[in-house]
Amino acid sequence: MSDNTFISTDDTRTLFSQAMSAMYQKEVPQYGTLLELVKEVNTHVLSQDGTIRRQLGDTGQLNRLDVERHGAIRVGTPLELATLRRLFAVMGMMPVGYYDLTVASVPVHSTAFRPVEEAALAANPFRVFTSLLRLELIEDDALREKAAEILAQRAIFTPSCLKLIEQFEENGGLTPEKAQEFVDEALFTFRWHHEATVDEKTYDSLRKAHPLIADVVCFKGPHINHLTPRTLDIDLAQSRMPQHGITAKETIEGPPRRVCPILLRQTSFMALREPIFFKNQDSGGGTHTARFGEIEQRGLALTKAGRALYDELIAQVREMTRGVNKDMYATVYQDALNKAFEQFPDSFEILRNQGLGFFYARVNHDTLAAKPAIAAQTWDELVEQGYIRFDPITYEDFLPVSAAGIFQSNLGSENTEKDYKLVSNQAMFEEALGMKVRNEISVYAELERNSKLDALKILGLSADKYLA
Ligand code: OOG
Ligand code: NI
């Protein structure tokens with residue numbers, strides 16, 4: 001079979017994210033409402049702001065506006081995680097980053113499956129935040145063993161899905177027909193099942209250990225727990241949620257509103273309380289809170305130095321808001337956030353000059369046309385003489401403190417302030433996954449470097465000389 005009979009992994013990812021979106025809108029109608037709100041806000045921003053409209057057009061993002069989404073799932077065993085790795089590979093999604101959520105009292109560690117190449121990101125950046133439950137954090141031996149036993153009995157992938165993954169691995173691709181079949185089969189894994197696989201007593205005891213443990217262990221599969229469209233103005237979207245009958249989380253996670261957006265800002269609507277049925281129980285049932293909707297606004301990817309500054313300022317905000325009572329919290333938090341981030345430069349040029357962010361280098365064709373004989377001898381001279389211009393590289397990953405905030409606001413009302421003693425364990429996660437995760441900073445560094453190489457090639461200059 002020759003290569004060109006295969007569909008691209010980007011196209012399979014797009015088919016999958018569209019199918020997932022349609023399924024989730026059916027399962028959680030409020031998510032459909034959220035999508036409408038986002039569309040309304042994005043249309044408004046584009047009509048008001050010619051600069052954004054031009055910038056999105058120039059960087060090919062206008063048609064990627066409505067596909068910009070992420071989702072999240074939580075699984076229970078190493079085998080489930082390793083198989084997901086293979087499933088996501090069919091869609092060109094690789095594990096990037098390691099997130100330890102135990103520091104935030106959530107007994108999971110996670111990665112994001114996502115595309116990594118510039119062209120793949122431009123085609124469709126859809127990513128799935130994927131968490132593995134850390135059963136070893138259940139203190140009660142009997143309960144831990146019971147949870148493991150329940151998980152060992154379930155099969156979260158359909159036989160056809162597994163077969164198609166194998167076909168992809170053996171042949172190096174799937175035909176368009178097979179890809180469609182794969183998407184249909186893969187969707188089964190992410191569906192909601194309102195029948196729990198356990199009786200009420202087991203559900204309750206797991207839930208008492210941690211609501212998240214019950215969410216992972218008690219169902220047939222790792223239901224998608226939220227999807228996240230991209231908004232061009234998250235503050236506006238947040239403020240309009242009540243008008244659409246949506247109850248928003250109190251604060252927006254991440255950096256404050258800025259002229260030059262950095263990293264990731266996100267907010268969600270509260271998880272729904274949904275009816276579930278227990279095993280061996282004919283009448284009645286219970287409720288389960290897990291599924292919600294979220295919106296995000298992304299900005300510049302930060303270098304190691306930029307990220308260190310961000311983390312330091314977020315820590316300052318945490319100090320400034322420690323112990324503030326609930327009624328005052330949102331206001332005090334907002335003020336503290338704005339105050340702390342006065343220390344973070346808010347101009348792309350300064351951010352670039354101080355080495356705080358990653359940028360794509362592009363040839364400035366106007367300069368090249370005006371001064372075709374290039375006298376510049378170094379990269380810096382090329383920049384100074386205007387041959388190179390820069391576009392911010394968008395942050396495609398997640399933020400552990402923000403993720404913890406999203407988790408916490410959606411776990412229900414129980415007290416989940418657990419003090420987990422176990423330290424983060426990336427090696428253990430990678431062993432379960434069956435490979436190492438890529439470090440996100442190195443992914444951005446590579447994108448930046450590749451863009452410089454491309455620019456030099458266009459200018460007919462040697463990389464050895466200019467990037468030495
Ligand atoms: C994942 C929460 C993390 C985000 O946007 O930070 C996340 C979860 O609740 O399973 O999706
Ligand atoms: Ni999310």
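**Entry: α4 and α7.** I began with helix α4 (residues 78-89) and helix α7 (residues 159-171) in this predicted model, and I found that the two pack at an angle of about 60 degrees, with their axes 9 Å apart. I therefore noted α4 and α7 as oblique to each other, and I recorded their crossing as left-handed. Looking for the residues that meet, I listed Thr-83, Arg-86, Leu-87 and Ala-89 on the α4 side, and Cys-161, Leu-162, Ile-165, Glu-166, Phe-168 and Glu-169 on the α7 side. Sorted by class, this contact of α4 with α7 has six nonpolar, one polar and three charged residues.

**Entry: α4 and α18.** I stayed with α4 and looked up its packing against helix α18 (residues 426-433), where the angle is about 65 degrees and the axes are 7 Å apart. Angles of 65 to 115 degrees count as roughly perpendicular, and α4 and α18 are therefore described that way. From α4 I wrote down Pro-78, Leu-81, Ala-82 and Arg-85, which meet Phe-429, Ala-432 and Leu-433 of α18. By class, the contact of α4 with α18 comes to six nonpolar, no polar and one charged residues.

**Entry: α1 and α2.** I then turned to helix α1 (residues 9-27) and helix α2 (residues 29-48), whose axes come within 4 Å and cross at roughly 115 degrees. The α1 side of the contact is made by Ser-21, Tyr-24, Gln-25, Lys-26 and Glu-27, while α2 brings in Pro-29, Tyr-31, Gly-32 and Leu-35. I counted the contact of α1 with α2 by class as four nonpolar, three polar and two charged residues.

**Entry: the sheet.** Next I followed an open sheet of five strands, which has mixed pairing and runs in the order β2-β3-β4-β1-β5. Which strands stand at the edges? I found β2 (94-100) and β5 (226-229) there, each with a single partner strand, so one side of each is left without a neighbour in the sheet. On average, and with direction ignored, neighbouring strands of this sheet are turned by 20 degrees against each other. For strand β1 (residues 69-75) and β5 I noted pairing in the antiparallel sense over four bridges, and within β5 I identified Thr-228 as the bridge partner of His-70.

**Entry: the nickel ion.** His-70 came up again when I looked at the nickel ion (ligand 2), which is coordinated by His-70 (NE2), His-226 (NE2) and Glu-294 (OE), at 2.1 Å. I wrote the sequence spacing of these donor residues as H-x155-H-x67-E. Why does the pair of His-70 and Glu-294 tie together parts that are 224 residues apart in sequence? I answered this from their places in the structure, because His-70 lies in strand β1, whereas Glu-294 lies in strand β9 (residues 293-298).

Notes. Residues are numbered from 1 along each chain as its sequence is written. Chains are lettered from A and ligands numbered from 1 in the order in which they are written. This is a predicted model: local features need pLDDT of at least 70, side-chain atom pairs count only at pLDDT 80 or more; totals for chains, interfaces and linings use all residues. Side-chain values use heavy atoms; hydrogens and water are left out. Axes are lines fitted to C-alpha atoms, for helices over the stretch in contact, and angles run from 0 to 180 degrees between N-to-C directions. Angles under 35 degrees count as roughly parallel, over 145 as roughly antiparallel, 65 to 115 as roughly perpendicular and the rest as oblique. A crossing is left-handed if the near helix is turned anticlockwise from the far one by less than a right angle, and right-handed if clockwise. Contact means heavy atoms within 4.5 Å. Ala, Val, Leu, Ile, Met, Phe, Trp, Tyr, Cys and Pro count as nonpolar, Asp, Glu, Lys and Arg as charged, and the others, Gly among them, as polar. Two strands pair if DSSP finds at least two bridges between them. Donors are N, O and S atoms within 2.8 Å of the metal (3.2 Å for Na, K and Ca); water is not among the atoms, so sites may look incomplete.
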